[in-house]
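Dear colleague,

I am handing over the structure below, followed by what was found in it. Please read the notes with the model open beside them.

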Amino acid sequence: MYRIAVLTDLKHEGEHYAKVINAYCINQKLFSLLETYQNQEVFFKEIQTHVPDIVLLVLPGVDGLNAAEHLRSLFPGCGIIWCSNLDFSLHAFRLRVEYFFLEPVRDDEIQEGLRAWFRLKKTII
């Protein structure tokens with residue numbers, strides 16, 4: 001089972017991203033536990049006890065950068081798919097983010113991020 005979290009600032013977007021991830025997992029015959037968050041404080045508190053395997057992080061600007069840095073510092077093994085409205089690609093590289101892309105969020109980009117993470121996971125095992 002894979003624990004997957006979605007952190008975004010808009011609830012309806014988070015629900016859509018969760019549907020995209022769920023459809024991908026069903027298509028790949030993967031069992032996942034999916035949780036969505038709109039509040040960083042709640043997110044970081046909750047994941048202290050239930051660390052996700054991978055996080056889809058869709059937050060604008062410096063909020064996204066701060067969340068990615070904080071997540072990586074707390075849980076270095078947690079996968080990160082990060083989407084931003086600003087080009088933080090160098091920061092994403094420095095943070096070893098598995099997949100980074102710029103807004104607008106597209107379903108195929110989310111799926112490609114998941115594929116990249118699962119490929120990396122298979123090479124490590």
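In what follows, buried means under 20% relative accessible area, exposed means over 50%, and partly exposed lies in between, computed with a 1.4 Å probe on protein chains only. This is a predicted model, in which local features need pLDDT of at least 70 and side-chain atom pairs count only at pLDDT 80 or more, while totals for chains, interfaces and linings use all residues. Residues are numbered from 1 along each chain as its sequence is written, and side-chain values use heavy atoms, with hydrogens and water left out.

Salt bridges

Taking a salt bridge as a side-chain nitrogen of Lys or Arg within 4 Å of a carboxyl oxygen of Asp or Glu, the count comes to 7 salt bridges. One of them joins the side chains of R3 and E35, at 3.6 Å from N to O. R3 lies in strand β1 (residues 2-8) and E35 in strand β2 (residues 32-37), so this pair ties together parts that are 32 residues apart in sequence; helices (H or I, at least four residues) and strands (E, at least two) are DSSP runs, numbered from the N terminus. R3 is buried, with a relative accessible area of 15%, whereas E35 is partly exposed at 24%.

Another salt bridge brings together the side chains of R72 and E98, at 3.4 Å from N to O. Here R72 sits in helix α3 (residues 61-74) and E98 in the loop between α4 (89-94) and β5 (99-102), 26 residues apart. R72 is buried, at 7% relative accessibility, and E98 is partly exposed, at 21%.

R106 also forms a salt bridge, with E109, and the closest N and O atoms of that pair are 3.4 Å apart. Through salt bridges that share partners, R106, D108 and E109 are joined into one network.

Nonpolar cores

A nonpolar core is a set of buried Ala, Val, Leu, Ile, Met, Phe, Trp, Tyr and Cys residues joined through side-chain atoms within 4.5 Å. The largest one has 22 residues, of which L7, F43, V55, L57, L71 and W82 touch the most other members. At least two residues of this core come from each of β1, α2 (40-46), β3 (54-58), α3 and β4 (79-84), and α3 gives the most, with 4 residues. A second, separate core of 19 residues includes V20, I54, L56 and L114.

With contact meaning heavy atoms within 4.5 Å, and leaving aside neighbours within four places in sequence, the residues in contact with W82 include L57, L65, F88, H91 and F101.

Best regards
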